[in-house]
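The sequence and structure come first.

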Amino acid sequence: MMVTVSTEATEALLEDLRAMARIRAFETRVARQFREGNIPGFVHVSIGQEAVARGVCSALREHDYITTTHRGHGHCIAKGADPVGMMAELFGRASGTCGGQGGSMHIADPRFGILGANGIVAAGLPLAVGAGLAAQRRGTDAVAVAFAGEGSVNGGPFHEALTLAVLWQAPVVFAIENNQFSEFTRSEEIWRGASLVQRALDYGVAGAERVDGQDVGAVREATERAVKAARKGKGPSLIEAMTYRVHGHYEGDATPYRDEAEFQEWLDRDPIELALRALREDGRGTDAEAAVAAAEEEMDRAVEQGLAAPYPGTETVMEDVYAS
Ligand SMILES: Cc1ncc(C[n+]2csc(CCOP(=O)(O)OP(=O)(O)O)c2C)c(N)n1
């Protein structure tokens, strides 16, 4: 893909590359650390999907909210979470974002409006509607984005979330990341409707569009349109970002269901490679490569610090437990 960029656009793309490279560097290390046995539980990475996280979050302000999924590291980093704390969290250490008690699927950092990852498919969607409604009632112009996979759109909470968000005209953006697979099933094989965009329009959303999820600028522009409508009180919108899950559903999944030719086609349109190519064509190859190298170094340090951090003491087991 030939991309001609003006200077301002080049600078924006360099920033996008920096942001995407940080997510990629974080998650390639997470995958390795999981294989080495340093991360308990399950880990789901979003390698190949970074343009969605960056494109959406770069259209948001710090006081806007996000909810995310079991595959949410990229969303959290893009929204401002500290990768050092996140890595320590994945290692279960006391210095982790949630004191080492949540792990990969429960990272939350309200300081940046990150209301939580979530291991329950579709469960973040109504939470974002609640956050949007609260912002509306408080009279702020904050917007809540619900990141979710395309697998979530067949779950009951998707229906409830869209119905209520439209009814209340809540300032919510449903950012549906269509990475082609729901666990080990090709999502198109279980789809009988016209399109997800049509489904959303039938609920009465202010806007719904499908975007190229490998094109970070296209994702940002779509999000800006949705966010603008939400801030103006026009209610929720839905974006379906078309992307591809490069790793397995979880680390360790051998992906026997994958089509090799299709896999290669998507790798050719890897969002980080696209950005690197465009920046090289624009004469900024050295800066682009330096941005990637800096991201790698940053995340090496996050791993070192996380592995060196102590585990929480047993006296913390009942902290933050609200039910008994
Ligand atoms: C309510 C619920 N049902 C089933 C599962 C098991 N499960 C975990 S991930 C997943 C598929 C999710 O697919 P998608 O929403 O497309 O997200 P992706 O994994 O592709 O990012 C399923 C069915 C779950 N976690 N929660």
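Two strands count as paired if DSSP finds at least two bridges between them. Strands (E, at least two residues) and helices (H or I, at least four) are DSSP runs, numbered from the N terminus. The model is predicted: local features need pLDDT of at least 70, side-chain atom pairs count only at pLDDT 80 or more, and totals for chains, interfaces and linings use all residues. Residues are numbered from 1 along each chain as its sequence is written, and side-chain values use heavy atoms, with hydrogens and water left out.

An open sheet is formed by 5 strands in the order 1-2-3-7-6, with parallel pairing. Strand 1 and strand 6 are the edge strands, each pairing on one side only.

| Element | Residues |
|---|---|
| Strand 1 | residues 65-67 |
| Strand 3 | residues 172-178 |
| Strand 6 | residues 207-212 |
| Strand 7 | residues 237-242 |

Strand 3 and strand 7 pair in the parallel sense over 6 bridges. Within strand 7, Glu-240 has Ile-176 opposite.

Ser-237 belongs to strand 7. Ser-237 is buried, with a relative accessible area of 5%; buried means under 20% relative accessible area (1.4 Å probe, protein chains only). Neighbours within four places in sequence aside, Ser-237 is in contact (heavy atoms within 4.5 Å) with residues including Val-172, Phe-174, Val-205 and Ala-226.

Helix 2 (residues 50-57) has 8 of its 8 residues buried, so this helix is largely enclosed by the rest of the structure. Among them are Glu-50, Arg-54 and Cys-57.

How values were computed
Buried < 20%, exposed > 50% of the residue type's maximum accessible area, 1.4 Å probe, protein only.
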